[in-house]
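Here is a friendly walk through some ring contacts and strand pairings. Please keep the viewer open as you read.

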Amino acid sequence: MRQFVNRLIERDLIRVINEPVDIELEMAHIAYIEVKKQDARALLFTRPTHKGKIYEIPVLMNLFGSPKLVDLIVGDVEQLADNVSKLLRPKPPKNMAEGMQWIRTMWQLAHVFPKRTRTRGLCQEVIAEREDVNLYALPILKTWEKDVAPFITMGQVYAQSLDGKVQNLGMYRLQLRAHNELALHWQIHKDSVKMFESYRKAGQKMPISVALGGDPLYTWCATAPLPYGIFELLLYGYIRKKRAQLVRCVSNPLFVPYDADIVIEGWVDVNRLEPEGPFGDHTGFYTPIEDYPVLEVSAITRKSNPIYPATVVGKPPLEDKFLGYPTERIFLPLLRTTAPELVDYYMPENGVFHNLILAQIAPLYPSHAEQIMHALWGVGQMSFVKHAIFVDKDAPNLHDSEAITRHILARLAPQNLLLSHGVCDALDHASEGYAQGGKLGIDCTGEVVMNDVVCLDDSVLLTKMQTLAPEVRSLRQIFIDTPNPIALVGVQKTRALRELPTILASLLPHLRVVAFFDDCKLDLDNQYMNLWRAVNSIDALRDVWICEKSIFVDCTDKGALEGYNKPWAIETDCTEAVIQSLRARGLIDVDDAFLRAFQICSSIVR
């Protein structure tokens, strides 16, 4: 880790902050704003502080905070994806050159399997066990004002199956509960939960170790969506072309990277669940309080000069935008084994990844897009995708938001919407059921549709809407030169919006796509954040309605009017007093327009 930090310093890819910065809110707020900049850099806080205490362990943030940083950590992502594709579809070599390339590829595979060493690792230079364990000695951050406690956010969580045959590496948030306890946020669909259940049935405690730091590639591997039974550190060996070196923990039977900066070891009592949360998560909303297992810490080991890595999650764009890019590219060949006609895909960061996917395919027959939708909804973490839009192989670059939006709107038709029900990310709050809800697939692989909409000026359309529906407060039409202009409509709800398509029936010749938002949260000029808000707020089976040629979407917060009987999730907003303090001290240097663009503070929306 220190070697990597030195490389960042040499390349001016890191900002070193030597003045005291509080681990409660201040540090996370600085990182939250920095990663949203075009020229974002990693951050090294050399003097973490809290309540007058200066921690001796520095904190590293935004480790994956830009494409340049990701390139340094992972390497040539496109080349890796191409290599994976060749491995999955091997061809006999036709000549000596291809034969030598095949030998090199096979040799590379010889390095994928981790090596277990018998000696102590760098991560065990300092050892604290039993009564000497003290998690409060680590600079564990509190990210958001309404977080119940500090959380470890970049831990590599190591586990193994009851019989010891399957190793697993994941990344889960860990809530600081006491000097020797961490709550484990294991969502229902995670591989570690399968292992936990086997330990529970056997009535045995489950060993868990959390590694922090070391080679940054370990952290990326912890996020890789590999099938159950495949150890994520195999990817480390494949990418680094060398075997990961592992050492046995001092208080449980697990193995962790020898060069980790800090290792937290312990055991999970399978009969004990405790409340965890709330926590401001990567969706940009706080998650509710739920019961999760507790890691009872038996030892903390570390290097003599460790670095503590942390990340901040919340409203996009954030570090997971860049952290997810290698995953998206490298796993494309794997998805093609299920859907061979998949040309490319893109999960926009303001779609919060699982909430929106754009997929480019080469359809061969009618309803081929629908077939691939169902195929992807059945594959691993792709099953969590809520909204999927399919375009053909001649579509513009999926990353060109303006061009791809126009391409979609030129081919959008109500009859090509597929409404379904299935599993959702456990962090999704829009659906009433836990980890399940409505899903929407849109097939835009067909021909351009007829443009027969009669557009009105915004002011005229707003007046006509308000005459019929007084709850309408604001309106802006965008993409009015396409067959499916989008009307963004701000409302102050007094009734269920499901009634409005009928009430606005006389305006249907002038409407194609109507998206309702709470007026107090709608920024008519900020389509990046409007998309984020929309896909977070929709359960397609409840909130998408078709009326003749028009599509209505309810992107508002839900409550009793919709029969939604849970508290609506609270957004992750920075604490304004902290922002002002950091500004005054010169630790952040952005203006109100920047804060408004990413809706960083609740009082600054438009």
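Tryptophan 186 counts as buried at 4% relative accessibility, where buried means under 20% relative accessible area, exposed over 50% and partly exposed in between, with a 1.4 Å probe and protein chains only. Phenylalanine 196 is also buried, at 7%. This is a predicted model, in which local features need pLDDT of at least 70, side-chain atom pairs count only at pLDDT 80 or more, and totals for chains, interfaces and linings use all residues. Residues are numbered from 1 along each chain as its sequence is written, and side-chain values use heavy atoms, leaving out hydrogens and water.

The structure holds 10 aromatic pairs; rings of Phe, Tyr and Trp (its six-membered ring) pair if their centres lie within 6.5 Å, with planes under 30 degrees apart stacked, over 60 edge-to-face and the rest tilted. One of them joins tryptophan 186 and phenylalanine 196 edge-to-face, with 5.8 Å between centres and 65 degrees between planes. Tryptophan 186 lies in the loop between strand 13 (181-184) and helix 6 (191-202), and phenylalanine 196 in helix 6, so the pair ties together parts 10 residues apart in sequence. Helices (H or I, at least four residues) and strands (E, at least two) are DSSP runs, numbered from the N terminus. Ring pairs link Tyr172, Trp186 and Phe196 into a cluster.

Next come the strand pairings, where DSSP must find at least two bridges between two strands.

| Strands | Sense | Bridges |
|---|---|---|
| Strand 7 (residues 115-117) and strand 15 (residues 245-248) | parallel | three bridges |
| Strand 15 and strand 16 (residues 255-257) | antiparallel | three bridges |

Lysine 115 has glutamine 245 of strand 15 as its bridge partner. A hairpin of six residues joins strand 15 to strand 16.
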